[in-house]
Amino acid sequence: MNKLKNPTNDALFEAFLKLETVEECYAFFEDLCTFKEIEAMGTRFEAAKLLEKGKTYEEILKDITISSSTLSRVSKALKYGTGGYELIINRLKENKK
């Protein structure tokens with residue numbers, strides 16, 4: 001069972017699904033999150049994409065500002081998580097074709 005699943009989070013994720021453009025995402029997320037929260041999510045996603053491309057921890061730590069513990073967490077999510085990173089990374093790849 002997903003620990004996060006509840007009516008409040010369901011409503012939040014339904015709201016995410018209603019966003020249609022990058023500009024709408026910026027507007028909603030800037031109202032919803034702090035600058036640091038958005039920046040942290042973006043950094044984690046960038047790290048996931050780099051790990052998926054086969055970059056090493058050393059290369060990633062040199063290229064982006066991320067702590068080794070956060071990078072480790074992203075790596076664990078890629079290997080043992082629910083598949084969320086892979087789902088979105090693959091969809092983005094498909095859209096580039």
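A search of the whole structure, a predicted model, finds four aromatic pairs. Rings of Phe, Tyr and Trp (its six-membered ring) pair if their centres lie within 6.5 Å; planes under 30 degrees apart count as stacked, over 60 as edge-to-face and the rest as tilted. One of the pairs is Phe16 with Phe28. Their geometry is edge-to-face, with 6.1 Å centre to centre and 80° between the planes. Phe16 sits in helix H1 (residues 7-18) and Phe28 in helix H2 (residues 22-32), so this pair ties together parts that are 12 residues apart in sequence. Phe28 also pairs with Phe29. That pair is edge-to-face too, at 6.0 Å centre to centre and 85° between the planes. Ring pairs link Phe13, Phe16, Phe28 and Phe29 into a cluster.

How accessible are these rings' residues? Phe16 counts as partly exposed because its relative accessibility is 26%. Phe28 is partly exposed, with a relative accessible area of 26%.

Now to helix H5. Ser75 lies in this helix, which spans residues 68-80. Is Ser75 buried or exposed? Ser75 counts as buried because its relative accessibility is 7%. Its side chain makes a polar contact of 3.4 Å with the side chain of Tyr57. Such a contact is a pair of N or O atoms within 3.5 Å; within protein, one must be able to donate a hydrogen and the other to accept it, and residues adjacent in sequence count only if both atoms are side-chain atoms. Leaving aside neighbours within four places in sequence, Ser75 is in contact (heavy atoms within 4.5 Å) with Leu51 and Tyr57.

The overall picture follows. The protein has six helices and zero strands. Helices (H or I, at least four residues) and strands (E, at least two) are DSSP runs, numbered from the N terminus. The C-alpha atoms fill a box of roughly 40 × 35 × 30 Å along the principal axes. Buried residues make up 18% of the 97 residues. Among contacts between residues at least 6 apart in sequence, 33% join residues at least 24 apart.

Residues are numbered from 1 along each chain as its sequence is written, and side-chain values use heavy atoms, with hydrogens and water left out. In this predicted model, local features need pLDDT of at least 70, side-chain atom pairs count only at pLDDT 80 or more, and totals for chains, interfaces and linings use all residues.

Key
Buried < 20%, exposed > 50% of the residue type's maximum accessible area, 1.4 Å probe, protein only.
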